[in-house]
Amino acid sequence: MIDIRPDPDQLLDKIRQEEAKQQRGKLKIFFGASAGVGKTYTMLAAAQTLRQSGVDVVVGVVETHGRTETANMLTGMEVLPRKQIDYRGHTLSEFDIDAALVRNPQVILVDELAHSNLAGSRHPKRWQDVEELLAAGIDVYTSLNVQHLESLNDVVGQITQIRVYETLPDKVFDQADEILLVDLPAEELLQRLKEGKVYLPDQADRAVKHFFRKGNLIALRELALRRTADRVDTQMREYRADQSIHRVWQAKERLLVCLGPDDGAAVVRAAARLAANLRADWIAVYVETPGWQRLADIRRQAIFDNLRLAQQLGAETQTLAGSALTDTLLNYARSRNVSKLVVGQARQSGLHKWLRRRVLDTLLARVRDMDVYVVSEQDETTPRSGHEPVIQLLADGETIGAQRRGMGWALALIMLITLACIALVKYVDLVNVVMIYLLGVVAIAARFGRWPGVLASLLSVLAFDFFLIPPRLSFAVSDTQYLLTFGVMLIVALTISNLMAGIRFQAHIARYREQRVASLYDLSKELASALTYDRILEISLEAVEAVFKVRAAILLPDSHEAVRQPVLDTRRNWPEIDLGVAQWTYDHQQAAGLGTDTLPACASKYLPLRAPMRTRGVLVIQSPALKQMLQPEQQRLLETFAAQIALAIERVHYVEVAQDALVSMESERLRNSLLSAISHDLRTPLTVIVGLASSLQGQNANLEVAQRVARDIEDEALKMTGLVSNLLEMARFQSGNVQLHKQWQMIEEVIGSALRVCHRQLLNHVVQTSLPRDLPLVEVDAVLLERVLCNLLENAAKYTPAGSTIRLEGRQDDHELVLSVLDNGPGLPNGAEMKLFEKFRRGEHETSTLGVGLGLAICKAIVEIHQGRIWAENRAEGGAVFHIALPLGTPPDMPEEDSVNA
């Protein structure tokens, strides 16, 4: 009985996906083979129908390419103005995504989905603009040609000999809610081209000679039809899975060939020919049952060779695991909507042929919705003999030594049971004694496997007959009814032994697969926390060597794309490495070496570490038992390990790239800010000084004018000195060579000193102070704190209009002394309260106000080395306020007044 109940986890995941999908807009793509088939026209016609039915439709961007009939379809529709962008001295228009988001229509038309946006746009590609619109809940109509799909770019280039550079990922196409194919025959499209309905006459002549050749158009049309059919097939399979439909819908031909240990290459070739004739996809499957797990090396190798042959002939290969071959095969076939099954016919005679025929008859009896093709193999022979099973690593208890121990335990246990039964036979009927022997058979089979269980079954019957059945100590039987008892006892014992052995073996397989999953999880967890290449290599090599029992090495490329020898650690047992084979593996992104079709004579196997962006290195493995690595499960696990290692290496690479880019951007910003300060803020006072000096030289002996000019020169020189001092002071703080000279100070004295220093900058402002009389002493460097207050006062005077009021307040707050500088100016930009304390950060950009944006950064540095805090905020009544919080310690005891007078 097949369990067809839906998986609760899948149902929950489906509900979540549906909820997320409800929040997004719907994407409808008008898809065609080439330009001129009418995609934009059809899209506009559909939009006009929506508009007439009351839907809010807006044209974001539509490219008419001078086609009158397409332009006429825009009549009556709202068209958003395009964004103007300066590009290389020209003003060009581009789709304005911000205007579209503000307008927020129900449906928006965005033509040419694969278009590359101009530099300066928010996204480099138009499909990324569409993604943002969909995330905002806006439905999008768009158009796309088949040559713009990334997966078909190379195919189109080979057909047309023209490279298309504007492409988009296939996932955008696959995730669209609706695909509408707009199709025209090649002859009709060429006629439209001649009539000037596609391009202007001069462009049409060039197009006919190059891209728009009839053969190209036919090939592109077939690609568009196939890609659309694949999309529809995927939708149908998703619908069948959602609706729990298990019968096959033969809407598209798909073949599945089942390969077993008795099938030769003829079955694979026959399936390939059939798939080619039907132009259908095909899948090669091997179902690994518990019985087939024990196949000898040579027979398992034949299976893997057939799977590789199928892959070379274009098949998708898959290895399935299941206890029932027929159920596993049919369940997978129906999940892939397979229409035809291909199986091989048994060539052997006797019991083997009967068993194979029974499987085939069961398959034919169960199939009602698929065609079954039976392939005869009369010209090939499959090896029947071989070495010991390679599955020994799965069942540790079934090694030769364990089997011998199991048989010894079987003999000993049956002897003990016999002795016990001899003592009990006086009190228990002989029929009940049989149960005790069966219990012993179960114990032996569960602990040691099949063959010790079989031995225990035979010994049980013999011991029961020899020691317990009259006449005793003889195999003769006085009552012929005991012969039936012996037969039933032997059959039941053998059946129980086989069942227990099978359960035990499947438990070994389940444990092994659990270990595989756990090892993969551990590797992923360890690699996720690795931050350097050396750590990734160390984790990866330890995991590969521990799980696969091999010697391993990872080779990384240098700056010239040449793989280099690893730094050999004498503590590690390294494999044999051939850099030539490793370089071939890296360049061609294919496995090479032992067990592959490329350089199979090598002592090691070489696997490319393929990451999403590129190949990141080569994994080399070597082992005396490398044949075990040829098992499908081992191969898949090893490939998964390699993929995880490659992803970790690529992640660290891009982390370093991002860090370098961040450092580069920050350095560039600082450099530009410094150049701006030097070219603007330092040049301005120098220019004023030069001009004033020149005017002073040209004046007559007028003392009053000379004094005024001298004062102006002094003011400008002081400004320039302050700018240079800020630069030098910031450099000193950055170097960390600042020594504090802290003393206990009265804060009133420090504030008074700061006001005297800033007297000239505060002449045009009203300064008020509010300080309680009982403010405690504070241990600070008076010179540096004075510098902080001066910078804050000058900053307030600089960014507030003349005549405004500046207040300086102080208060004690718990264990801190808080000083505040308040003004009633325009306030701080929203969200920039903490950014103002960054180096070269100014409240206004490129204004006439002097300053390089270092004053507040210096204040922050000084306050922090005093273990204090500084922050800024806007006042509710208007203006800004800067707060300084300094820690209060325990001031020294002041001498009493009488002692001082004495």
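Author: Helices (DSSP H or I runs of at least four residues) are numbered from the N terminus. This is a predicted model, where local features need pLDDT of at least 70, side-chain atom pairs count only at pLDDT 80 or more, and totals for chains, interfaces and linings use all residues. Residues are numbered from 1 along each chain as its sequence is written, and side-chain values use heavy atoms, with hydrogens and water left out.

Reader: How many cavities of 30 Å³ or more does a search of the whole structure find?

Author: A cavity is a set of points, on a 1 Å grid over the protein atoms alone, where a 1.4 Å probe fits but cannot get out. Points join across faces, edges and corners, and the volume is the space filled by probe spheres set on them. Here the search finds 1 cavity of that size. The largest cavity holds about 50 Å³.

Reader: Which residues line the largest cavity?

Author: A lining residue has an atom within 4 Å of a point. Here they are A33, S34, V37, D183, L184, P185, A186, L189, L217, I218 and R221. The largest share, 3 residues, is from α10.

Reader: How does the lining of the largest cavity divide by class?

Author: Ala, Val, Leu, Ile, Met, Phe, Trp, Tyr, Cys and Pro count as nonpolar; Asp, Glu, Lys and Arg as charged; the others, Gly among them, as polar. This lining has 8 nonpolar, 1 polar and 2 charged residues.

Reader: At what angle do α23 and α24 pack?

Author: Axes are lines fitted to C-alpha atoms over the stretch in contact, and angles run from 0 to 180 degrees between N-to-C directions. Helix α23 (747-757) packs on helix α24 (782-798) at about 50°, with axes 9 Å apart. That makes the pair oblique; the term covers what is left after roughly parallel (under 35 degrees), roughly antiparallel (over 145) and roughly perpendicular (65 to 115).

Reader: Which residues of α23 and α24 make the contact?

Author: Contact means heavy atoms within 4.5 Å. From α23 come I747, V750, I751, S753, A754, L755 and V757; from α24, A782, L785, E786, L789, C790 and L793. By class, that is 11 nonpolar, 1 polar and 1 charged.

Reader: What is the handedness of the crossing of α16 and α17?

Author: A crossing is right-handed if the near helix is turned clockwise from the far one by less than a right angle, and left-handed if anticlockwise. The α16 and α17 crossing is right-handed. Helices α16 (430-448) and α17 (450-468) pack at about 160°, axes 8 Å apart. They are therefore roughly antiparallel.

Reader: In which hand does α24 pass α25?

Author: That crossing is left-handed. The axes of α24 and α25 (855-865) come within 9 Å and cross at roughly 145°. Their contact has 9 nonpolar, 2 polar and 1 charged residues.

Conventions: On a 1 Å grid over the protein atoms alone, a cavity is a set of points where a 1.4 Å probe fits but cannot get out, and a pocket is an open set with protein on both sides within 12 Å along at least five of seven lines; lining residues have an atom within 4 Å of a point. Helices (H or I, at least four residues) and strands (E, at least two) are DSSP runs, numbered from the N terminus.
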